[in-house]
Amino acid sequence: MRLPTKEKGLWLVPLAIALLLWEFIAWYVIRDPLILPRFSTVIFSIYILRELVIPDILTSLLHFGIGLALAFSAALPLAIGMGWFRNVFKAIDPIIEILRPIPPLAWIPVAILWIGLTHSAAGFIIFIGAFFPILIDSYTGFRDVPKVLVETGKVLGCIGDKKLIKYVAFPYALPSIATGTRVGMGVGWMCVVAAEMFGVGNYGLGFRLFQDFYFLHQMDYVIAYMLILGLVALCVDRVFRYFVEEKLLKWKKGIVK
Amino acid sequence: MNHKLELRNVTKTFNTEGGEMEALEDINLEVKPNEFLCIIGPSGCGKTTLLRLIAGLDYPNSGEIILDGKEVIGPSPDRGMVFQEFSLFPWRTVLKNVEFGLKIRGMKDKARREIAEKYIELVGLREFENCYPYELSGGMKQRVAIARALATEPAILLMDEPFGSVDAQTRNILQEELLEIWKRTKKTVLFVTHSVDEAVYLADRVAVMSARPGCLVKCLGIDIPRPRKRTSMEVNEFREKLLMLLSLERSKACIKP
Ligand SMILES: Nc1ncnc2c1ncn2[C@@H]1O[C@H](COP(=O)(O)OP(=O)(O)OP(=O)(O)O)[C@@H](O)[C@H]1O
Ligand SMILES: [Mg+2]
């Protein structure tokens, strides 16, 4: 994101307007904190809940981390196989296409039965959510390596699949892997709330949302946690983009932007 | 046996949806060491196919290709190739692109950097060695591709219309540079083009091909001393001769069913 300096603060104005509008509507139009608490009340709730917020975020990030690490380390080798070897693709693609449309939430009973009420069970649901986007984007990257680059590799001494994958296909596929991972992170984060809903522990943003606040009809707490869910995801995405796009994919600049 | 490269009765057919397509028919060709051979012919006559066979990227259906007394069985860095389309690795800087073949060979950082810089200097891109391909113009990209092909010190250089996508002036400059490099490095060069001017300016010998099926019609030695003047009488005579040959082939091809 390289905006000219003049436009750098552009996003601030609409954001401020939206928040003011929220405050105003909640206060003067709705007038019922059980339906829509005011923005200022929500901010204050975050302050009240400060003892809980940090452990909840960390627990959710733990679940997220488990799921994403699993998804990435399972999807990448599979993507290399499916993208590079036509036969592997033909053999495995039907299985993938049957499993892919099953919503991650449908795996919850399976996760509980297989793994029990543990952090890993929550991680498993996130794994299901993140796995397919990472896999599909990554194998597309490996599959679409231009023939001329592969042949250039061969002519310059890359004999055998191992070298070609390492020196030609993998670097070529890296942007697709990054995109897939980013999409996978998005889907995975959406699964966090559901994954914690069934009580794998006593902490977690999703856990808190459903087990504590919802039943107490604490709308201000609920919305506070919703905002935190959004903000944490935003930060994670920004950090990822910074490291991957600015550092790893410098060479892409001319092509994309 | 003082031939660098020898093609004996080489044929190549492609299996396409419409049946068998005879791309090359009974090609016989001998190339001397340090010779600059241009291959000229109409689009689709099999020039690229011929170079790919010599590079070892594809296999003839019959006949044999013999390089330095040994039959060609696969790609190898002793035959450098410059492809018709852009073939730089976009994720590598100019320097890293040129170093590629040496890296694959397992050469140490410092040694390969030294060699790469020498060839970058040779193609006149010293200031651009840390640029990514997207920052280069088409002609510059092809020069990098040439430097990269030279860096592994191949005995023979296969060039497939390397200047096809650059403007006339740049093309002239690149031709001069190439002759300079050729003189300095004493390579055997097979240079595909469909420009008569280019062939007459560059070649020791021009091989004329005709289409459907692709075959060698005639080899024409050009014994004008270098540097040649593009507009001199002798050059024009050869140009005339070549054009006659080519148009004769074209009219023959039209009569064929
Ligand atoms: N992989 C392939 N499969 C089927 N047919 C092919 C294949 N490669 C080339 N051909 C056919 O072989 C013929 C020769 O192709 P080739 O690319 O060698 O032509 P060319 O002389 O290099 O043409 P140009 O000057 O346009 O580059 C063409 O008719 C083409 O359609
Ligand atoms: Mg061609």
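1. In which strand of chain B is Glu6(B) found? Glu6(B) belongs to strand E1 of chain B. Please keep in mind, as you look around, that this is a predicted model.

2. Glu6(B) counts as buried, because its relative accessibility is 9% and the cut-off for buried is under 20%. Its side chain makes a polar contact, at 3.2 Å, with the side chain of Arg8(B). Across the strand pairing, Glu6(B) stands opposite Ile66(B), a residue of E4(B).

3. Now to the sheet around it. E1(B) and strand E4 (residues 62-67) of chain B run antiparallel and are joined by 5 bridges. They are part of an open sheet of 4 strands in chain B, with the order E2-E1-E4-E5 and antiparallel pairing. At the edges stand E2 and strand E5 (70-71) of chain B; each has a single partner strand, so one side of each lacks a neighbour in the sheet.

4. On to the metal. Which residues coordinate the magnesium ion (ligand 2)? The donors are OG1 of Thr48(B) and OE1 of Gln84(B), at 1.9 to 2.4 Å. Thr48(B) sits in helix H1 (residues 47-55) of chain B, while Gln84(B) sits in the loop between strand E6 (79-82) and helix H2 (94-104) of chain B, so the pair ties together parts that are 36 residues apart in sequence. Thr48(B) counts as partly exposed, with 29% relative accessibility, and Gln84(B) is likewise partly exposed, at 34%.

5. Thr48(B) also turns up beside ligand 1. A polar atom of the Thr48(B) side chain lies 2.6 Å from an oxygen atom of ligand 1, and an N or O atom in the side chain of Thr49(B) is 2.6 Å from an oxygen atom of that ligand. Cys45(B) takes part through its backbone, with an N or O atom 3.3 Å from a ligand 1 oxygen. Taken alone, ligand 1 exposes 630 Å², and the protein buries 65% of that.

6. Last, the wider shell. There are 14 residues around ligand 1, and those that come nearest are Ser43(B), Gly44(B), Lys47(B), Thr48(B) and Thr49(B). By class, the shell holds 8 polar, 4 nonpolar and 2 charged residues. H1(B) gives the largest share, 3 residues. Strand E1 (5-16), strand E2 (19-31) and H1 of chain B each supply at least two residues of this shell. That brings us back to E1, the strand where Glu6(B) is found.

Notes: Residues are numbered from 1 along each chain as its sequence is written. Chains are lettered from A and ligands numbered from 1 in the order in which they are written. This is a predicted model: local features need pLDDT of at least 70, side-chain atom pairs count only at pLDDT 80 or more; totals for chains, interfaces and linings use all residues. Side-chain values use heavy atoms; hydrogens and water are left out. Donors are N, O and S atoms within 2.8 Å of the metal (3.2 Å for Na, K and Ca); water is not among the atoms, so sites may look incomplete. Buried means under 20% relative accessible area, exposed over 50%, partly exposed in between (1.4 Å probe, protein chains only). A residue is near a molecule or strand if one of its heavy atoms lies within 4 Å of it. A polar contact is a pair of N or O atoms within 3.5 Å; within protein, one must be able to donate a hydrogen and the other to accept it, and residues adjacent in sequence count only if both atoms are side-chain atoms. Accessible areas come from the Shrake-Rupley method with a 1.4 Å probe; for residues, only the protein chains shown count as cover. Ala, Val, Leu, Ile, Met, Phe, Trp, Tyr, Cys and Pro count as nonpolar, Asp, Glu, Lys and Arg as charged, and the others, Gly among them, as polar. Two strands pair if DSSP finds at least two bridges between them.
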